[in-house]
Amino acid sequence: MQAYATKLIDLIELKAENIAKQWATDVMKHNRTPSYSSLPLDRVIERGVAFYRLFRQMSLANVPYEAAKNFSWKYAKDCYRDKIPLQEAVYALILLRRNLWLYAEFQGVFVSALELHQAVESLNRTILMYDYVSYQVIEKYQELIHAEVDKKLGPVKMTMNNPIIAIKSIYKSGLMGILLLGACILTYYYHATLGTGVIFTHLFYIPIILASVWWGKKGIFTAIFLAGLILISHVLFLKAVPFLDDIIRALMFIVIGGVVGWLMDGIRKIEDMYKANI
Amino acid sequence: MLASLKLLDLMANSSASMAKQWAKDVVKNPKTPYYHNSDQDKIIPQAAEFYQKLSRVYTDKDPFTAIQGFMGKFAEARFKEKVPLHEALYSIILMRRHIWLYAEFQAIFISIIEQHQALDSQLRTILMFDYITYAFTEKYWELMNQEMGKKNKK
């Protein structure tokens, strides 16, 4: 096959820039590749020349599939960077192959019966090359999408893998029970025994935030419980102390618990999306 | 285009045999690992249907719209099965190759005129598969974006 395709390879090598220019004109106005219309002409031509030069490299290589990788990966990266949708990137490859063939026909490379036979062989070679390149381009393009998602979700992944968040459910409930019991004892001690509303309630943010981190919006019930606890305890034991401070504290518990829970639910959705697309 | 009719007949009448040959290839091709554990009874009808549908639009003056229709459904099915896009496309490339392999095996292009028909058929097949590749990638890409959009809205 190599001998038959030589004629076409020679033509491509010699006229790579001309064929690339013809392709550039085609791809920049084709209705299936609209994203190319806004690219600089030089950049498009450069891409075309790289494709046509690949033809010789692939023909000489022992493993043509491997020889195509450098080009394919660069092509995919360039298209991804230029925000060219995948189907357009693939169709541009189709046009690269077609223009090569159109140029050969236009130049009258295959005229006689023998040359017609060569034409079939050359055609097969261009198709094989296209098959390899399109496979590699699509594979790489998807890899780039995943890499970008990975990069964007890096902090989320770190958050979700945090040992405090990844703790087993049974331990979460147990630890929360202990913290809430501690909160009840602390409240009773300060309100009933010492008779003071000194700001021990800052410690309550530990169970409130942990509950929201672990259970998302449902974690707000911990904040509501603790808010209720300080308000009831105040009514029972601190009748002489103004009520307003504890009302504000109780409201803050609920606000903080709600906001953290809402944010954690959002992070979980992003994580689910990430897992589904990798 | 009339010269392509021979290949068209072969595709329409031997779709099941072609599909079987394709299935044997796709389940062991290193570029299509998704299919390696696939049930052949499940994938052969997919390919046979593909060949049937392709044969119906093969001689259309403007086959793109029809191809877009049936390849849209084909892409939806592969997307639901979670076949990676590059593997799904390579399986289509293998389908195209098997049309030719089957035609060669059946020795339908022997004489000089038939050789000429071969070139004509080959060009027509390539054009069809160019449309198929584009339509398939377009739909699959759209489905990927829809999925991302849905998850973002949740």
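**Model and confidence**

The term pLDDT denotes the predictor's confidence in each residue, on a scale from 0 to 100. This is a predicted model: local features require pLDDT of at least 70 and side-chain atom pairs count only at pLDDT 80 or more, while totals for chains, interfaces and linings use all residues. Residues are numbered from 1 along each chain as its sequence is written, and chains are lettered from A and ligands numbered from 1 in the order in which they are written.

Chain B has an average pLDDT of 85, with 86% of the residues scoring at least 70. For the complex, the predictor gives an ipTM of 0.83 and a pTM of 0.71.

**Chain A**

Chain A contains ten helices and zero strands, where helices (H or I, at least four residues) and strands (E, at least two) are DSSP runs numbered from the N terminus. Read from the N terminus, its elements follow the order α-α-α-α-α-α-α-α-α-α. Two residues are in contact if their C-beta atoms, placed from the backbone, lie within 7 Å. Among the contacts in chain A with a separation of 6 or more, 78% join residues 24 or more positions apart.

Chain A has 278 residues, of which 34% are buried. A residue is buried if 20 or more other C-beta atoms lie within 10 Å of its own, exposed if 12 or fewer, and partly exposed in between, with C-beta atoms placed from the backbone. Helix α8 of chain A, residues 205-215, includes the buried residues Pro207(A), Ile208(A), Leu210(A), Ala211(A), Ser212(A) and Trp214(A). After α8(A) comes Gly216(A), with a positive phi near 65 degrees.

**Helix α3 of chain B**

Helix α3 of chain B (residues 40-57) has 18 residues, and the distance from its first C-alpha to its last is 26 Å, close to the 26 Å expected at 1.5 Å a residue; the expected span is 1.5 Å times one less than the number of residues.

The buried residues of α3(B) are Ile44(B), Ala47(B), Phe50(B), Tyr51(B) and Leu54(B). Viewed down the axis of α3(B), they fall within an arc of 125 degrees, so they line one face of the helix; the arc is that of the directions from the helix axis to the C-beta atoms. Asp41(B) and Lys42(B), on the other side of α3(B), are exposed.

**Interface between the chains**

Contacts between the chains involve 18 residues of chain B and 21 residues of chain A. On the side of chain B that touches chain A, α5 (85-105) and α6 (112-153) of chain B each supply at least two residues. The largest share, eleven residues, comes from α6(B).

By class, this side of chain B has nine nonpolar, four polar and five charged residues. Here Ala, Val, Leu, Ile, Met, Phe, Trp, Tyr, Cys and Pro count as nonpolar, Asp, Glu, Lys and Arg as charged, and the others, Gly among them, as polar.
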